[in-house]
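The sequence and structure are shown first.

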Amino acid sequence: ATFPTESVDAPLGEDSPTIDLQKCPQGVDNVPTEGALSLQEIYSRNIDSVVSVTSTGQGTTATGTGVILTEDGYIVTNCHVVENGISITDGRTLPAMLVGADSVSDLAVLHIDTTGLTPAQFGDSDSLRVGDTVVAIGDPLGVKFRGTYTDGIISGIGRDMDMDGRT
């Protein structure tokens with residue numbers, strides 16, 4: 001393609017588009033900090049902390065992913081998954097008790113009566129920067145896809161979202 005090399009000056013009318021120039025947030029280096037784990041190391045350290053959650057009742061079945069919080073059986077999952085009876089699968093199927101749930105944040109805490117579980121290793125969300133790599137390990141669409149792994153980046157921090165009258 002060729003572009004004109006001479007300047008074209010045309011007067012701007014009232015209906016002309018405007019541009020709002022604002023300084024962008026400070027950029028970040030796309031280099032892991034010292035001591036950072038590779039994606040493969042994160043997966044291998046946490047895959048044993050990921051469980052499948054199945055909820056059945058009144059002719060419906062819901063499945064989702066749970067993450068082990070403590071060695072003695074506390075697990076976090078999505079609230080919408082556990083609206084009926086609950087069982088946890090980590091190579092065996094165990095009944096679970098609902099400890100608490102919050103439908104606004106879509107989080108629920110479950111407890112299974114066992115010990116010796118491997119808690120997930122969480123990062124420090126207060127140290128996140130735009131451009132940092134994040135990962136998700138889970139069971140999308142049920143146990144059939146157990147252990148699925150994906151990554152992405154932090155695209156923004158400190159943003160509120162308004163949905164259905166909630167922030």
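## Surroundings of T65

Which backbone atom does the side chain of T65 reach? It is the backbone nitrogen of D139, at 2.7 Å. The model is predicted: local features need pLDDT of at least 70 and side-chain atom pairs count only at pLDDT 80 or more, whereas totals for chains, interfaces and linings use all residues. Residues are numbered from 1 along each chain as its sequence is written, and side-chain values use heavy atoms, with hydrogens and water left out.

T65 lies in strand β2, which covers residues 60–68; strands are DSSP runs of E with at least two residues, numbered from the N terminus. Leaving aside residues up to four places away in sequence, T65 is in contact (heavy atoms within 4.5 Å) with V50, V51, V53, V76, T77, I137, G138 and D139.

## Salt bridges

Side chains of opposite charge can pair when their charged atoms come close. The whole structure contains two salt bridges, each defined as a side-chain nitrogen of Lys or Arg within 4 Å of a carboxyl oxygen of Asp or Glu.

D139 also takes part in a salt bridge with R146, with the closest N and O atoms 3.8 Å apart. D139 is buried at 3% relative accessibility, while R146 is partly exposed at 34%. Here buried means under 20% relative accessible area, exposed over 50%, and partly exposed in between (1.4 Å probe, protein chains only).

R129 and D132 form a salt bridge through their side chains, at 3.7 Å from N to O. R129 is partly exposed, with a relative accessible area of 33%, and D132 is buried at 18%.

Methods
Helices (H or I, at least four residues) and strands (E, at least two) are DSSP runs, numbered from the N terminus. A polar contact is a pair of N or O atoms within 3.5 Å; within protein, one must be able to donate a hydrogen and the other to accept it, and residues adjacent in sequence count only if both atoms are side-chain atoms.
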